[in-house]
Amino acid sequence: MVEPGEIRVVRSGGSKINFRKPVFTLDSKFLLCSSGDSVKVYSSATEECVRILHGHSDLVTGIALNPSNHLQVYSCSVDGTVKLWDFTDGILIKTFVIGYKLLALYVSPDHEGTVFLIIPMESNKESEAFQLVSIQLPKVSDQEVEARDVSILLSNVNPAPKATSFGRGGTYIASVKGLHMSVYFFKKQKTYRLALKATDKKGAKNMFTCVTCHPKEDCIATGHEDGKIRLWRNFNQKKEYTYSTQHWHHNIVKDLSFTPAGTNMLSGGIESVLVQWRYGEETRKDFLPRLGAAIEYVCASPDGVLYCTSHSDNKITIIQSNLKVIGVIQGLVKGDNIKTNLMIDPRSKALVLNGKPGHLLFYSLQHDKQLYNLDIVQQEYIHESGLQQFEVVKAAFDAQGSWLATVEERKNKLSEWEVILKMWGYDEQTQSFVLNTTVTSPHEGQITALCFCNANETSMLVTAGKDGQFKAWLLGENSDQETCWTCDFVGSYHNLSVTNSCFSADGSLLAVSFQEIVTIWNPDSWDLLCTFCQPPGKIRKLCFGRLSCSKYLLGTTTNNLLCCWNLLTCKLEWSADLNVICLEADPLSENIAAFSFASGSSDLFVFKPSEPRPLYVHKAVCLGQVQRAVFAPREAAEDNCSESSQWLNRSRLYFLSEHMDLMTFVTKSEEDWIVASNKQLSIDESTPVTPFSLLLGRHRQQHQTDLDKQKDQLAARVQNPQGTVAVKELLQTPAYVLPSASFLCTMFVNSLLICKHGNGEVSEEIDEDMDSDKEEDDDSEKEMDSLDNLQEFKTEYLLEEQAPELSRSEEKELKKLRKTDYSWLSKLQDY
């Protein structure tokens, strides 16, 4: 048994980008959002992730731009720290240790050097009560500093960030919870509390859900559970406050936001419609419908040019102020329950699973971004609670990725299941899957298993249902000479319900489990070859061995048993008492991964069926149960894997945790892998392509072979000047972390001096040749000698291009330049 050493469990990506409200930068060029334990920076023009800010050790719960520097951003986390970043360069500037669990973050331009946080109340930890506090950030040079100057503003507040908002000019802050709204005035240091009744005469639900304040007037807008929006005024006098009511949303108002100028107010809810209200003319409204999913957050850019909506399907929509969608940032869609297995598309190598309702999501694991959604149900999804709609519950690819089979089901009012089986063929022209065959009610009940035969000679699909039958579907032609799928065989065993099915790697055997019995069939003749029985317990998972272990069949039971049968001897090879909740085979090796659940966490066991002793064991890979897992083949095998991580050299194992986080195992250091997997955009260090460089391109291409030979010959004795490195360091380092220009001058100028022998000394021969102007009219032999020396110099140091021949006038001009006195440069070393 090998315990985990260098192997780490890291978040692969796919974290929620809709967990908190996104934040636009001051120029609207970038959009920042929290994503797990990091902050992602997206380009609002290209929708690409250009930077990921790593540093927090737990969930990021709030982000806000630094009012004093628009190129910096604050972030807070459950780990109890507030971090200040330069988001353009991805540099962590400072960490403030607060020491409390931080749930929301607010800043105000009128309160410089102060952040406002929501933290748990120390005196009432068991009831999970929270309070709004202000913390003065210390101005010290240390990169990590403790911030303990805490002042309590409001107690017993709602921890949701949308439940608190700053008022005009930072003079007050409003917070809502339940049926109460509290308004704290900083100058008076006084709190006013306003309340609503639980219901009115019409039976409306008056519970507060969100709040926002007008940026230029004393007006507070609140959203409520009944879909109403209230505009509050005169709230600085408890008995004389007034409010007006606006109503369009038919259900809960999810979020509200004023535009920076205060001329419009944005609202969103479960209707998937962005509503733009005209402030002062609330009867005038503009709508942007059919945004795809319920709106969780709305916000506007500081210049008012762009709007942004976050949706329940882990999506961010970028919208112009004229309500035109210009971009969509789609994260990994993970609902509360992933019905399909995790699959790898053989063509695109993308991860495939349930996407938005009625769709399959194709997700790039390398770039952590959505490729596209495939509409399976092909019906408009209606956002209404309690309404039964078709869901995609199962899907499978064939070995070549040419065919995709899907199962969708819906429960009708009579407690009967409507089941539809669809086969999709890959279209080379559209580069997507096109519906080929639809089968209504392929089984009398739900389908429990779906798998393709991996043999190249035939295209076969097997479905199994609770009606006690499994059916084989073959690809053929109908009467109109069109390619379609038809049922070829129906099998059963003593009228027992089928729980699972699986093909062997070569497609020569089919294993079908009927409750507690496993049957082995020959797909060519459909003969029943043998049956396996084991102690009581229904079969949950079936898996054939691969490569040299293809003679073994593995199965898990509801009685917490992992069994391995030998197909040659038809006997039970071994069994283990293990509560296996997920069983996956590596398609490129003999390794099998089994996730078991015990004591509130999941453990990983990697083994070969030929030997019950595990190759690798990782305890507590995550809290709760692992939901789904899959092996994803690597683009290139890892050759430098140690003995303990050999099982990861060809494929990488991904799994979904109970909280729907996509996790994986890595053998490299976590930092190196994150940089390689996310492929962040960085500043291009090469010379930009200009018309002049294009003119030189042909000349360079002609002599590239000769230059390569010269480089190989002189590489051992030529030391390149370091000026280029110095220039790059100066240009790429942020200005605020650089020393003063006077301090850098000496080092920078010295780095530009070219050394002939590589020892840092300036060649004396060049200085000796720089005599008086009278030498210009001397004999031509000296000029030719100096010219030869110059050509040698270019051959050694300017290997990028071959120097062209110089005319007589050009030689004289060059001679004058060489006679210029550069002795002042050496004096800079004394400073």
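The legends below describe close-up views of a predicted model of one protein chain.

Residues are numbered from 1 along each chain as its sequence is written. Because the model is predicted, local features need pLDDT of at least 70 and side-chain atom pairs count only at pLDDT 80 or more, whereas totals for chains, interfaces and linings use all residues, and side-chain values use heavy atoms, with hydrogens and water left out.

**View 1**
The protein chain holds nine helices and 57 strands, where helices (H or I, at least four residues) and strands (E, at least two) are DSSP runs numbered from the N terminus. Of its 831 residues, 48% are buried, buried being under 20% relative accessible area, exposed over 50% and partly exposed in between, with a 1.4 Å probe and protein chains only. Among the contacts in the chain with a separation of 6 or more, 45% are between residues 24 or more positions apart, a contact being heavy atoms within 4.5 Å. The accessible surface comes to about 41,800 Å², and carbon and sulfur atoms account for 48% of this surface; these areas come from the Shrake-Rupley method with a 1.4 Å probe, and for residues only the protein chains shown count as cover.

**View 1. The open sheet β2-β3-β4-β5.**
Four strands form this open sheet, in the order β2-β3-β4-β5 and with antiparallel pairing; two strands pair if DSSP finds at least two bridges between them. The edge strands are β2 (23–24) and β5 (49–54), each of which pairs on one side only. Strand β4 (residues 38–43) runs antiparallel to β5 and is joined to it by five bridges, and V39 stands opposite L53 in β5.

**View 2. The open sheet β19-β20-β21-β22.**
Here, too, four strands form an open sheet with antiparallel pairing, in the order β19-β20-β21-β22. At the edges stand β19 (208–213) and β22 (242–247), each with a single partner strand, so one side of each is left without a neighbour in the sheet. From one strand to the next the twist averages 25°, with axes taken as lines fitted to C-alpha atoms (for helices, over the stretch in contact) and angles running from 0 to 180 degrees between N-to-C directions. Strand β21 (residues 228–233) pairs with β22 in the antiparallel sense over six bridges, and H247 in β22 is the bridge partner of K228.

Q131, in strand β12 (residues 130–136), is buried, with a relative accessible area of 7%. Not counting residues up to four places away in sequence, Q131 touches residues including L117, I119, M121, I152, L154 and V157. R410, in strand β36 (residues 403–411), is partly exposed, with a relative accessible area of 24%. Leaving aside neighbours within four places in sequence, R410 is in contact with Q388, Q389, F390, E416, W417 and E418. The C-alpha atoms of R410 and V392, which are 18 residues apart along the chain, are separated by 9.3 Å.

**View 3. The largest nonpolar core and another core apart from it.**
The largest nonpolar core has 19 residues, and F595, L604, V621, W647, L653, F655 and F665 have the most contacts inside it; such a core is a set of buried Ala, Val, Leu, Ile, Met, Phe, Trp, Tyr and Cys residues joined through side-chain atoms within 4.5 Å. Among the elements that give two or more residues to this core are β52 (592–598), β53 (601–608) and β54 (611–623), and β54 gives the most, with three residues. Apart from this core lies another, of 18 residues, among them F470, A472, F514 and W526.

**View 6**
The rings of Y172 and F185 have centres 5.5 Å apart and planes at 45°, so the pair is tilted. Both Y172 and F185 are buried. The rings of F185 and F235 have centres 6.4 Å apart and planes at 25°, so this pair is stacked. It links distant parts of the chain, 50 residues apart, with F185 in strand β17 and F235 in the loop between β21 and β22. Elsewhere, F470, F489, Y493, F514, W521 and W526 form one aromatic cluster.

Key. Phe/Tyr/Trp six-rings, centres within 6.5 Å; stacked < 30°, edge-to-face > 60°.
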